[in-house]
Amino acid sequence: MKTYVAILRGINVSGKNKIKMDALKSSFSSLGFNQVQTYIQSGNVVFRYQEASSDNLEELINKQIRNDFGFEVPVLVLEEKELANIVKNNPLAGDENREAQFLHVTFLKEHPANVNNEKITAHVKAGEQFAISDGAIYLYCPHGYGKTKLNNNFFESQLKVSATTRNWKTTLKLLEMANEADA
């Protein structure tokens with residue numbers, strides 16, 4: 001058995017794509033997933049399952065959500081060790097001059113083929129920072145994520161990859177939950 005983290009994009013946002021967490025947990029359990037746990041209302045699920053590819057799990061989950069709730073939701077699945085590497089490699093974390101509440105991670109479905117740093121940098125406001133790695137974009141948005149142009153839609157448009165963003169606190173909590181499930 002392996003521990004996985006599923007991150008759903010666009011549920012329970014502005015009254016759209018509503019899913020209660022108990023119902024989401026049941027939906028995941030019906031797929032044969034074990035130790036299913038959800039975290040907050042934005043579609044974060046930790047579960048254990050036999051070894052499988054992230055693509056296969058994403059397809060299974062997407063199909064189940066469509067069957068159970070009647071709408072499509074982009075799903076990104078990470079193995080616990082992938083999430084651990086993303087957390088460990090955050091170049092913007094751990095700097096006492098940066099407040100953790102303004103740190104975010106945009107998780108990428110795949111490594112972008114083309115990254116035009118100049119074009120992205122043109123949208124950076126004073127104090128904002130970003131760093132792109134294999135599976136994630138690390139963001140520091142001191143004016144608030146809701147006010148930055150470096151949001152999920154922007155990066156999907158610029159990089160031509162599917163993505164979903166979580167704040168640093170949520171990212172750390174998901175890793176903590178995955179570690180506990182793995183123990």
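The following dialogue explains how to read several features of this predicted model.

Q: How many residues does helix 2 have, and what distance does helix 2 reach from its first C-alpha to its last?
A: Helices (H or I, at least four residues) and strands (E, at least two) are DSSP runs, numbered from the N terminus. The expected span of a helix is 1.5 Å times one less than its number of residues. Helix 2 covers residues 54-69, which makes 16 residues, and its reach of 22 Å is close to the 22 Å expected.

Q: Which residues of helix 2 are buried?
A: An α-helix has 3.6 residues a turn, so residues three or four places apart point the same way. Buried means under 20% relative accessible area, exposed over 50%, and partly exposed in between (1.4 Å probe, protein chains only). In helix 2 the buried residues are Ser54, Leu57, Glu58, Ile61, Asn62, Gln64 and Ile65. They cover an arc of only 165° around the axis, which places them on the same side of helix 2; the arc is that of the directions from the helix axis to the C-beta atoms. Asp55, Glu59 and Asn67, on the other side of helix 2, are exposed.

Q: What do the buried residues of helix 2 pack against?
A: Packing is read from contact, meaning heavy atoms within 4.5 Å. The partners of the buried residues of helix 2 are strand 1 (2-8), helix 1 (21-29), strand 3 (44-49), strand 4 (75-79) and helix 3 (80-88).

Q: Which residues of helix 1 are buried, and where do they lie around the axis?
A: Met21, Leu24, Ser27 and Phe28 are buried in helix 1. Their arc around the axis is only 115°, which puts them on the same side of helix 1. The buried residues of helix 1 pack against strand 1, strand 2 (34-39), strand 3 and helix 2.

Q: What is the order of the strands in the open sheet of four strands?
A: Strands of a sheet pair through backbone hydrogen bonds, either parallel or antiparallel. Two strands pair if DSSP finds at least two bridges between them. Here the order is 6-7-5-8, with antiparallel pairing. Strand 6 (129-132) and strand 8 (163-167) are at the edges with a single partner strand each, so one side of each has no neighbour in the sheet. On average, neighbouring strands of this sheet are turned by 20° against each other, direction ignored. Strand 6 and strand 7 (residues 136-140) are joined by four bridges, and Ile137 in strand 7 is the bridge partner of Ile132.

Q: Which strands does helix 5 lie across?
A: Axes are lines fitted to C-alpha atoms, for helices over the stretch in contact, and angles run from 0 to 180 degrees between N-to-C directions. Helix 5 (residues 152-159) lies across strand 5 (103-108), strand 7 and strand 8, and runs at about 145° to strand 8.

Q: Where is phi positive in a residue other than glycine?
A: Most residues other than glycine have a negative phi, and most peptide bonds are trans. Asn17 has a positive phi near 50° and lies in the loop between strand 1 and helix 1. With a relative accessible area of 28%, Asn17 is partly exposed. Lys160, in the loop between helix 5 and strand 8, has a positive phi near 60°. Lys160 counts as exposed at 67% relative accessibility. A glycine case is Gly70, which follows helix 2 and has a positive phi near 80°.

Q: Which residues touch the most other members of the largest nonpolar core?
A: In soluble globular proteins, nonpolar side chains tend to be buried together. A nonpolar core is a set of buried Ala, Val, Leu, Ile, Met, Phe, Trp, Tyr and Cys residues joined through side-chain atoms within 4.5 Å. The largest core has 24 residues, of which Leu83 and Phe107 touch the most other members. Two or more residues each come from strand 1, strand 4, helix 3, strand 5, strand 7 and helix 6 (168-182). Helix 6 gives the largest share, six residues. A second, separate core of 21 residues includes Tyr4, Ala6, Ile11 and Leu24.

Technical notes: Residues are numbered from 1 along each chain as its sequence is written. This is a predicted model: local features need pLDDT of at least 70, side-chain atom pairs count only at pLDDT 80 or more; totals for chains, interfaces and linings use all residues. Side-chain values use heavy atoms; hydrogens and water are left out.
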